[in-house]
Amino acid sequence: MTLDLLDRMADSLEHSPLVRFYESGLCSRPELFLKLLTMEAVGPDRQVKLNGRWVINFGSDSFLGLDQDPRVHEAIRRGLERWGTHNGTSRAFSSVAANFEAERKLASWLKAETTLIYPSVTLANHGALPALVTHHDVLVVQREAHHTIHEAMCLVQGHGIKTATFDNSDPDELTRVLKESRPYRHAVVAVDGIESMTGVVTPLAALRFVAEAHDAVLYVDDAHGTGILGERGRGTVLDALGDYRNTLVVGSLSKAFSCFGAFLASPARLRIPLEVRSGPFIFGGPVPPPYLEAVSTVVDILNSEEYEPLRKRLTDNMTQFLAGARRLGLTILGGSGTVASIAVGPEEGTLREIGRAHV
Ligand SMILES: Cc1ncc(COP(=O)(O)O)c(C=O)c1O
């Protein structure tokens, strides 16, 4: 009897390097693989119940704790009553008024001309980056940028459009790569605002200087900076550059915002090109309306007097954590935003330290 085709597919996929790595190492020691943890309950002050024990969650990306804010809960309930559970169509057909209201409020908070809400940062990257370049252009990606930017680069390559990468957020390296990529009409340089793995802030001013000298715009994935860096949490770009000249920003509505989705802040003239050229916008379902109501509520909170105490609590927690880690003699990268990376050496040592952290 012939083997079922899906079995054959599973056989071949099980031989891929990533699955082999997972099955040989991490799967045999599930206590080390954070993503297999099941939260049985969630309590106040970032407590979670794992295997019957209450522990503190140091890995939450609800950076300001707004996931537990009663006003955010109330906005979601209000949105549910007003709109039901979902939009019912892709945005190419129609959008609830809550969508435009949230986009307007986000633009006003950010001091940007317009914002476009996508269902996630992943889908913003997958939609907007291929939308921004044509066969006359080039996409240049920071090697350390988030996986979803690299996936977007594969989509761009699939359309037969030129791409390149540059290392270590290095302006000289970016200069070299842009020069080598000529001829092009314009280039898009895609970077993380804060590197998601290390917490290191990308030197945006130096990179924009180079980009502008070479007919390039910056595209900043600021998932970790949104709501955190700069005045009223407006993000890494305004904090570092002071304006959006030749710069597009994608922010997260899921992390500090504790809602759902992402926004892309851009000049008004780019709105229609982005809408009609972004696959996820045309063909995909949008953020559910109750969460859009919550986004507007969070913007009000960020714009209020309450922002500073919320932000201070995060700084205090981070300072306490970093001081403790330093007392233990650990090497720390990042830490100026919400992500700190602790260097524990090669893989074996890393797994051992994760194991220690779980006992
Ligand atoms: C820099 C960066 N980009 C994109 C993402 C993906 O975001 P989303 O969950 O909204 O797709 C993350 C998630 O952690 C991230 O850190």
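**Close-up views of a predicted model**

**View 1. Two domains in one chain.** The centres of domain 1 and domain 2, taken over C-alpha atoms, lie 30 Å apart. The model is predicted. Domain 1 covers residues 18-57 of the protein chain, and domain 2 covers residues 68-302, according to the domain assignment.

**View 2. The whole protein chain.** The protein chain holds 14 helices and 12 strands. Along the principal axes, its C-alpha atoms fill a box of roughly 60 × 55 × 50 Å. The radius of gyration is 22 Å; this agrees with a compact globule, because 359 residues packed that way would give a value near 21 Å.

**View 3. The shell around the ligand.** The ligand is surrounded by 13 residues. Ser120, Val121, Thr122, Ser196 and Ala223 are the closest. By class, the shell has eight polar, three nonpolar and two charged residues.

**View 4. Helix α5 against helix α6.** Two packed helices are described by the angle between their axes and the distance between the axes. Here helix α5 (residues 121-132) meets helix α6 (residues 147-158), with axes that come within 9 Å and cross at roughly 30°. The crossing is right-handed. On the α5 side, the contact uses Val121, Thr122, Asn125, His126, Leu129 and Pro130. On the α6 side, Thr148, Ile149, Glu151, Ala152, Leu155 and Val156 take part. Seven of the contact residues are nonpolar, four are polar and one is charged. Val121 and Thr122 of α5 make this contact, and Val121 and Thr122 are also among the residues closest to the ligand.

**View 5. Helix α3 against helix α12.** Helix α3 (residues 70-83) and helix α12 (residues 289-302) have axes that come within 7 Å and cross at roughly 145°. This crossing is right-handed. From α3, the contact takes in Arg71, Val72, Ala75, Ile76, Arg78, Gly79, Leu80 and Trp83. From α12, Pro289, Pro290, Tyr291, Leu292, Glu293, Ala294, Thr297, Val298 and Ile301 meet them. The class count for the contact of α3 with α12 is 12 nonpolar, two polar and three charged residues.

**View 6. A cis peptide bond at Pro183.** Most residues other than glycine have a negative phi, and most peptide bonds are trans. The bond from Arg182 to Pro183 is cis, with omega near 0°. Pro183 sits in the loop between α7 (171-181) and β7 (187-192).

**View 7. A positive phi at Arg46.** Arg46 is a residue other than glycine, yet its phi is positive, near 60°. The loop between β1 (41-42) and β2 (47-50) contains Arg46.

How values were computed:
Residues are numbered from 1 along each chain as its sequence is written. This is a predicted model: local features need pLDDT of at least 70, side-chain atom pairs count only at pLDDT 80 or more; totals for chains, interfaces and linings use all residues. Domain bounds come from an automatic or database domain assignment. A residue is near a molecule or strand if its C-beta atom, placed from the backbone, lies within 6 Å of it. Ala, Val, Leu, Ile, Met, Phe, Trp, Tyr, Cys and Pro count as nonpolar, Asp, Glu, Lys and Arg as charged, and the others, Gly among them, as polar. Axes are lines fitted to C-alpha atoms, for helices over the stretch in contact, and angles run from 0 to 180 degrees between N-to-C directions. Helices (H or I, at least four residues) and strands (E, at least two) are DSSP runs, numbered from the N terminus. A crossing is left-handed if the near helix is turned anticlockwise from the far one by less than a right angle, and right-handed if clockwise. Two residues are in contact if their C-beta atoms, placed from the backbone, lie within 7 Å. The radius of gyration is taken over C-alpha atoms; the globule rule is 2.2 Å times the number of residues to the power 0.38.
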